[in-house]
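Opened a new notebook page for this one.

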Amino acid sequence: MPPKFNSPKQALEQGVCGQHGWSSRYFRESVGGKWCVEVRWGVGDGKRRTFVSDDTSDESIPGTKKGHAAAAAVALEGLETVVRSVNLKPLRTVEDALGARFGSTCEVLDGSAPGSWDRLWRCLSRCSPLERAVGIDVEGNMRTPPVLVQVCVQVPFEETTLCVLELPGSSPGGNLSADLRRLLLDATVAKVFCDGTAGADKRSLSVDVDLAGMGAQFACLDLEHMASELAGATSVLRGLARIFNLAWPDSPFRATKDNKDKSSVRYFVDIQDGRRAPPR
């Protein structure tokens, strides 16, 4: 049974935008004073629409509430075709959609093995300045250093990637390796995160979250921040699957989070909290 909503705005915000990670922005026309809402469901001007109501209420609390409801009602009607098209797409997890390609094109390296980091640095040295970038993911991020750090780099001129895995708890002193610390402080290499935990990934690596948010010093990029800049801000973090859908709104499927991730998260939380021995 579909959920019931108390107002058009609630239906738009929770039933549509919240479900898909779309953004909404309410405002009054500068001329005429009609209440409007802009909804964005992807990146680019072709994936946004502004809906104009006939309501000209003032900007008092009751007036704003009435104006938002009126604009949302227009948007719900105007978005029916878009919402139907998205909801009819088959659901696929990111792992299901891309896992096979990643598994066949990615070489995983033990960061503690001799030469592993050397290979990553060689890849970066062959990249043009605008392409010097790595993707970083962290597990067990409620402590510093975290349980696991994964660093991926695209191999230049090839459709392959290298992924260096580092277990700080297994290294001498239980700290980040010299190579990882060097990478984090290298402003010529962009570090790409999808930090849906309010900056916990970066904090666990001792990256200043405020500076990282501005892209300063650490040369960090966060997909959550980029999604807000390119497709509008939302009240909650989107997560990788919704960001994927925004970046590829015409995909033949709709990406969704894999519930199996929960067991993986619990595994690393147990290590983080000392209930399980870390891998060696």
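Predicted model: local features only at pLDDT ≥ 70, side-chain atom pairs only at ≥ 80, totals over all residues.

**Loop residue, then the cores**

I started with aspartate 45: its relative accessible area is 63%, and because exposed means over 50%, aspartate 45 counts as exposed. I then checked where aspartate 45 sits, and found it in the loop that links strand E2 (35–40) and strand E3 (48–52). I also looked up its distance to alanine 231: the two are 186 residues apart in sequence, yet their C-alpha atoms are 9.4 Å apart in space.

Next, the nonpolar cores. The largest one has 24 residues, and Ile136, Val151, Leu183 and Leu205 have the most contacts inside it. Two or more residues each come from helix H5 (116–125), strand E6 (133–139), strand E7 (148–154), strand E8 (161–166) and helix H6 (178–185). H5 gives the most to this core, five residues.

Which residues does leucine 205 contact, leaving aside neighbours within four places in sequence? I got Ile136, Val138, Pro146, Val149, Leu176, Leu184 and Phe193.

There is also a second, separate core, with 18 residues; Cys17, Val39, Ala72 and Val83 are among them.

Last stop, helix H10 (residues 240–247). I listed its buried residues as Ala241, Ile243, Phe244, Asn245 and Leu246. What do the buried residues of H10 pack against? I found helix H4 (94–105), helix H9 (223–231) and strand E11 (254–256).

Definitions and conventions. Residues numbered from 1 in each chain as written. Heavy atoms only, no water. Buried < 20%, exposed > 50% of the residue type's maximum accessible area, 1.4 Å probe, protein only. Helix = DSSP H or I, 4+ residues; strand = E, 2+ residues; numbered from the N terminus. Contact = heavy atoms within 4.5 Å. Core = buried A, V, L, I, M, F, W, Y, C linked by side-chain atoms within 4.5 Å.
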